[in-house]
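Student: Could you take me through a close look at one part of this model, the place where the two chains meet? I would like one connected account.

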There are 2 protein chains.
Amino acid sequence: MAVKRSGRRPGQPTTRELILKTARQAFAASGYSATSLRGIARAAGVDPGLVVHYFGTKDNLFARALGLPLSPTALIDQLLAAGLDGLGERLVRTFVSIWDDPSTRAPLLALIRSAVSHEESAASVRQFIGEEMAGRLAALLGGPDAHLRATAVGAQLFGLALLRYILQLEPLASTDPDQLAKTVGPAIQRYLTG
Amino acid sequence: MAVKRSGRRPGQPTTRELILKTARQAFAASGYSATSLRGIARAAGVDPGLVVHYFGTKDNLFARALGLPLSPTALIDQLLAAGLDGLGERLVRTFVSIWDDPSTRAPLLALIRSAVSHEESAASVRQFIGEEMAGRLAALLGGPDAHLRATAVGAQLFGLALLRYILQLEPLASTDPDQLAKTVGPAIQRYLTG
């Protein structure tokens with residue numbers, strides 16, 4: 001689809017690119033929680049409506065700013081909507097399919113590497129996982145230790161990413177997704193339904 | 001205890017320090033598997049018997065070279081010797097007690113940060129976890145998928161380290177070790193005894 005770019009000089013960033021760049025700086029400087037779409041719009045010198053028009057929600061803008069093709073929250077909502085039954089296996093299947101895809105693996109690897117080395121990145125990742133991932137799962141789980149169990153699920157999934165994609169420990173690194181889901185799914189299910 | 005250091009000029013490294021320095025360089029250059037005590041002795045220009053005298057085994061020298069007070073393999077052997085029953089909880093308790101101790105946490109954090117960013121470190125860590133940690137557990141588990149299950153246990157434990165100590169995600173970061181063992185232990189037990 002051809003996009004009309006009237007008035008834009010070659011080499012000048014589009015409004016969308018300007019918002020992404022500003023968002024990256026804002027999330028890095030203030031973390032995920034303290035950054036708002038309105039604040040990003042102000043810093044970029046654009047109307048807040050434009051930010052919403054291009055990116056919809058904060059979690060989506062965060063994901064796009066990191067180079068991800070979509071926000072994980074939509075996927076998580078979809079997975080959780082089908083209920084707790086079999087959720088362990090479904091979580092592993094979806095998580096592994098996202099990481100197995102080189103186009104999403106690359107920005108995720110960069111994100112984890114950055115979070116492990118820099119506290120500013122760690123803060124954003126911590127807040128995003130806490131609010132948008134573990135928070136959604138905890139709400140579904142309920143009970144006094146719902147948040148602990150939800151973050152323990154996160155520990156299993158991100159540990160899988162650490163050993164399979166970063167350290168590339170065998171046989172974890174080359175096991176096919178189906179076998180992986182059947183092995184890791186039931187352990188995660190233990191946190192979900194006991 | 002006063003140690004007699006005859007013939008050593010001030011500022012000159014002791015033989016023990018020389019071996020540690022040489023070992024760090026050897027593990028970094030060749031990884032854990034391809035490095036031998038004999039090769040380290042040769043590179044340091046000392047008798048192989050001296051390396052054994054100071055450090056005993058390769059896994060112990062590796063741990064000491066990283067600044068750890070002892071090799072995790074002795075602890076693992078101790079844990080595994082008590083059998084599979086309740087091993088999930090015992091693994092979490094021991095893993096968390098090592099990471100909760102600031103003097104062991106510091107070198108472990110440095111190791112994980114280095115492994116996540118540098119392939120040479122990743123190779124050593126991958127080989128050490130594979131041979132000395134997951135390998136020992138897999139031998140106890142038995143069965144065709146023993147190694148996969150053993151590395152999945154590793155993924156849960158190192159994921160816990162990633163989220164509790166590096167990303168510091170709540171409530172995982174501040175939950176007391178006992179509660180943590182009771183929550184994560186049964187999920188790990190799922191890999192061990194189904």
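Tutor: Happy to! A word on confidence comes before the interface: pLDDT is the predictor's confidence in each residue, on a scale from 0 to 100. This is a predicted model, and in chain A the average pLDDT is 92, with 94% of the residues scoring at least 70. For the model as a whole, ipTM is 0.90 and pTM is 0.90. Where pLDDT is low, the predicted coordinates should not be read in detail.

Now to the interface itself. Chain B brings 38 residues to the contact, and chain A brings 38 residues as well. Between them the two chains bury about 3400 Å², and carbon and sulfur atoms account for 74% of that area. On chain B's side, B:V116, B:L148 and B:L167 together provide 20% of the area this chain buries against chain A, more than any other three residues.

Which elements of chain B give two or more residues to the side that touches chain A? They are α7 (102-117), α8 (119-141), α9 (146-166) and α10 (177-193). The largest share comes from α9(B), with 14 residues. Sorted by class, this side of chain B holds 22 nonpolar, 11 polar and five charged residues.

What about specific pairings across the interface? The count of salt bridges between chain B and chain A is zero. Polar contacts do occur there: six residue pairs are found, with both partners at pLDDT 80 or more.

Definitions and conventions:
Residues are numbered from 1 along each chain as its sequence is written. Chains are lettered from A and ligands numbered from 1 in the order in which they are written. This is a predicted model: local features need pLDDT of at least 70, side-chain atom pairs count only at pLDDT 80 or more; totals for chains, interfaces and linings use all residues. Side-chain values use heavy atoms; hydrogens and water are left out. Contact means heavy atoms within 4.5 Å. Buried area is the accessible area (1.4 Å probe) that two parts lose on being put together, summed over both. A salt bridge is a side-chain nitrogen of Lys or Arg within 4 Å of a carboxyl oxygen of Asp or Glu. A polar contact is a pair of N or O atoms within 3.5 Å; within protein, one must be able to donate a hydrogen and the other to accept it, and residues adjacent in sequence count only if both atoms are side-chain atoms. Helices (H or I, at least four residues) and strands (E, at least two) are DSSP runs, numbered from the N terminus. Ala, Val, Leu, Ile, Met, Phe, Trp, Tyr, Cys and Pro count as nonpolar, Asp, Glu, Lys and Arg as charged, and the others, Gly among them, as polar.
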